[in-house]
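Biologist: I'd like to get to know this protein with you. Can we go through it together, one question at a time?

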Amino acid sequence: MKTVIVGVTSGIAAFKTLELVKRLKKEGVSVVVILSSGASNMVSVKELEKISGNKVYTNLFENDFDYKKVLKKRRVEHIDLADKADLMVIVPATANVIAKLSHGIADDYLTTTALAMTAPVMICPSMNVHMWENPITQENVLKLTQTGYQLIGPVNGDLACGYSGMGRLEDTKIIAREILNRLKLAASLKGKKIIVTAGATQEAIDDVRFITNKSSGKMGAAIAEVCHFRGAEVVLLRAQNSLKPRANIAQNPFKTSTELLHLIKQNLKDCSYFYHTAAVSDFSVKNSQKGKLSSKISLTLHLTPQQKILDQIKRFNPRVKLIAFKAVDGNDLKKAAEEKLKESDADAVVANDISKSDRGFGADTNEVVIVTRSGKTKKIPLALKRDIAQGIVEFVQSSL
């Protein structure tokens with residue numbers, strides 16, 4: 001049975017969570033409700049406990065709280081709750097709680113639990129139209145979505161304050177459907193082992209300096225998280241200085257292409273999918289030196305081409321589904337992807353344009369074209385890399 005935490009804040013729409021809990025319970029979901037400090041003024045704790053069949057949590061420190069018991073058991077209630085949940089949804093999400101979460105403020109049971117979550121978190125905003133349109137609120141919402149929170153609503157309609165406009169809570173039928181869909185996805189890759197490489201390799205000039213590239217590892221981290229949340233056993237081979245995923249994913253750091261290749265050999269057995277997003281250096285420094293070279297002398301570097309890791313994957317595991325990534329300095333992504341397919345053993349190639357500042361290396365957004373060996377093609381327009389990752393994984397699952 002899946003467990004969903006429903007976090008309720010003190011917006012007028014809080015009463016609608018009673019219907020949401022009923023819908024989820026009807027679908028066989030175990031629901032645990034957490035109320036913010038003000039939400040108990042909007043909905044009945046006893047009624048929510050009756051509907052959910054579980055204790056409703058409101059206070060971090062109840063009357064019988066004893067820190068000695070916590071230290072003895074090494075168990076913290078809200079951390080345990082966050083660990084066992086498959087998903088958390090905050091409904092309604094007021095401007096206040098959105099602001100708190102976007103700045104990492106954890107000052108009550110709800111926000112403390114939310115900050116401890118490694119499973120997906122959904123937020124369902126509900127507030128006055130002017131509050132929703134306030135640039136500060138919009139900035140906070142953007143920050144949360146970039147972090148990986150899923151936004152449901154709000155919608156346009158009549159508001160409790162007498163205004164009409166954007167800010168109305170999404171219908172509970174739609175919220176429930178989105179929750180159930182997300183829970184179904186959580187098992188779509190169960191039993192699959194997936195390796196994702198991410199970030200830039202370093203090739204030594206001396207013991208201090210190295211050549212590298214601008215890859216941040218954001219795309220690889222996003223793909224690793226998507227696969228993890230779909231139930232796969234994910235191993236992320238991540239460049240030492242690249243972005244770390246938020247989810248609790250097995251990670252192995254590397255610096256050089258040689259180290260990366262060694263990690264691949266160690267982990268590739270029984271792998272179902274291999275997403276090779278890492279930007280591996282095409283060259284190594286032939287005359288690299290021990291120690292630190294003097295900055296007072298001129299130096300000529302001799303760069304030699306390296307054997308491509310991509311070309312070796314199928315030798316180690318012929319059955320693995322190999323997804324390659326191609327950085328393109330131009331707009332013809334489909335052509336570049338098709339050419340990469342011809343010269344590699346990849347089952348699919350994802351091409352993206354790095355000539356624009358709003359996509360590719362270092363950016364939070366991307367635009368890609370995916371081409372498979374069977375001739376299937378998909379373009380995913382400019383979007384957050386987390387959304388691009390969802391599209392890539394969905395397409396690969398359905399096409400390979």
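Biologist: What percentage of the 400 residues of the protein count as buried?

Modeller: First, a caution: this is a predicted model, where local features need pLDDT of at least 70 and side-chain atom pairs count only at pLDDT 80 or more, while totals for chains, interfaces and linings use all residues. Residues are numbered from 1 along each chain as its sequence is written, and side-chain values use heavy atoms, with hydrogens and water left out. Buried means under 20% relative accessible area, exposed over 50%, and partly exposed in between (1.4 Å probe, protein chains only). Of the 400 residues, the share that counts as buried is 48%.

Biologist: How many helices and strands are there in the protein?

Modeller: Both are DSSP runs numbered from the N terminus: helices (H or I) have at least four residues, strands (E) at least two. For the protein that gives 14 helices and 19 strands.

Biologist: How many salt bridges does a search of the whole structure find?

Modeller: Side chains of opposite charge can pair when their charged atoms come close. A salt bridge here is a side-chain nitrogen of Lys or Arg within 4 Å of a carboxyl oxygen of Asp or Glu. Searching the whole structure turns up 13.

Biologist: About how many helical turns separate glutamate 19 and arginine 23?

Modeller: These two form a salt bridge, with their closest N and O atoms 3.5 Å apart. Glutamate 19 is partly exposed at 34% relative accessibility, and arginine 23 is partly exposed at 26%. They sit four residues apart in helix H1 (residues 17-26), so the separation is about one helical turn.

Biologist: Arginine 230 and glutamate 394 also meet in a salt bridge (3.0 Å, N to O). How many residues apart are they?

Modeller: Arginine 230 lies in the loop between helix H10 (218-229) and strand E11 (233-239), and glutamate 394 is in helix H14 (residues 385-399). Arginine 230 counts as buried because its relative accessibility is 5%, whereas glutamate 394, at 41%, counts as partly exposed. The pair links distant parts of the chain, and the two are apart by 164 residues.

Biologist: Arginine 182 is buried yet has no salt bridge. Which side chain of opposite charge is nearest?

Modeller: Arginine 182 lies in helix H9 (residues 172-185). Lys and Arg count as positive and Asp and Glu as negative, with His and the chain ends not counted. The nearest side chain of opposite charge is 7.5 Å away, and that is glutamate 178.
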